[in-house]
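This report walks through one protein model, from the sheet to its packing. Please keep the sequence and the structure in view.

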Amino acid sequence: MTPRLKAVCALIRPCDLLADVGCDHGYVARYALENGVRSVIASDVAPGALQKARVLLAPYGSRVTTVCADGLDALAGQNPDCIVIAGMGGKNIIDILSGYTGDAALILGPQRDVPQVRQYLTEHGYKITFDSVVEDRRRFYDVLRVERGEQTLDRFQRQFGVFYRQKNQALQDKLLRERSLRQGYGADTADITEVLQWQQR
């Protein structure tokens, strides 16, 4: 399992029902079933990926429901305790969540537009309880766990993560790379430098 998927899995808590939306080959769903989750809905919009997930998850029998569906259409009226949406763009995640009114905890792995995801969440009744960066094959990924609640973010939290003051080597490396890129085309780097001062204390 890749470092990105391990980071997502580490945020799963034991529960009755977890929905893995965009399950790809089913590795996160399998981890959940082996670590305290009673049953899983594994869905993907791609039939080929879903078939691979079906094969991987076949040993778990009736504990698994696999559905070829777009977004939260896979829930079909069920109310999971936790929803995992990882491996897609942030705007896509926002679109998926836009019609959701349930109380499930969310584990999110947006690959782009992460500040917009944070902004959306805090404007729609969510509180980000975990927010970190992981490096995977020289790319950086943000991983969040979210629950219903109230939260206000400042501009640094929206841009760099709710807990940007907590030391994280992957975040430091990401910021150093971003600062170098900005300097290359003459853009301002004051915000990155300020966050790095917290990271490198």
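## A covered strand

β4 is mostly covered: six of its seven residues are buried. Buried means under 20% relative accessible area, exposed over 50%, and partly exposed in between, with a 1.4 Å probe and protein chains only. Helices (H or I, at least four residues) and strands (E, at least two) are DSSP runs, numbered from the N terminus.

This is a predicted model: local features need pLDDT of at least 70, side-chain atom pairs count only at pLDDT 80 or more, and totals for chains, interfaces and linings use all residues. Residues are numbered from 1 along each chain as its sequence is written, and side-chain values use heavy atoms, with hydrogens and water left out.

## The sheet

Seven strands form an open sheet with mixed pairing, in the order β3-β2-β1-β4-β5-β7-β6. β3 (64-68) and β6 (126-136) are the edge strands; each has a single partner strand, so one side of each lacks a neighbour in the sheet. On average, neighbouring strands are turned by 15° against each other, direction ignored. Two strands pair if DSSP finds at least two bridges between them.

Strand β1 (residues 15-21) pairs with β4 (residues 82-88) over four bridges, in the parallel sense. Here Ala19 has Ile83 as its bridge partner, and Leu18 stands opposite Cys82. β4 and β5 also pair in the parallel sense, over six bridges. Cys82 stands opposite Ala105 of β5.

The path from β4 through α4 to β5 makes a right-handed β-α-β unit. Right-handed means that, with the strands pointing away from the viewer, the path from the first strand over the helix to the second runs clockwise.

## Helices on the sheet

Helix α3 (residues 47-57) lies across β2 (37-44) and β3, at about 170° to β3. Helix α7 (residues 169-184) packs on the sheet and touches β6 and β7 (139-148); its direction makes about 75° with that of β6. Axes are lines fitted to C-alpha atoms, for helices over the stretch in contact, and angles run from 0 to 180 degrees between N-to-C directions. Contact means heavy atoms within 4.5 Å.

Helix α5 (residues 114-123) has Val114, Val117, Arg118, Tyr120, Leu121 and Thr122 buried. Their cover includes α4 (90-97), β5 (105-110), β6, β7 and α6 (155-160). Just after α5, Gly125 takes a positive phi of about 80°.

## Nonpolar cores

A nonpolar core is a set of buried Ala, Val, Leu, Ile, Met, Phe, Trp, Tyr and Cys residues joined through side-chain atoms within 4.5 Å. The largest has 28 residues; Ile83, Ile85, Leu97, Leu106, Leu108, Leu121 and Val146 touch the most other members. β1, β4, α4, β5, α5, β6 and β7 each supply at least two residues. α4 gives the most, with four. Leaving out residues up to four places away in sequence, Leu108 touches residues including Ile85, Leu97, Leu121 and Val146.

Another core, of 27 residues, lies apart from this one; Ala42, Ala53, Val64 and Ala86 are among its members.

Asp136 belongs to β6 and is buried, at 2% relative accessible area. Its side chain reaches the backbone nitrogen of Arg4 at 3.1 Å. Beyond four places in sequence, Asp136 touches Thr2, Pro3, Arg4 and Tyr141.

Ser43 belongs to β2 and counts as buried at 1% relative accessibility. Leaving aside neighbours within four places in sequence, its contacts include Asp20, Cys23, Leu50, Val67 and Ala74.

Conventions:
Polar contact = N/O pair within 3.5 Å; in protein donor to acceptor, adjacent residues only side chain to side chain.
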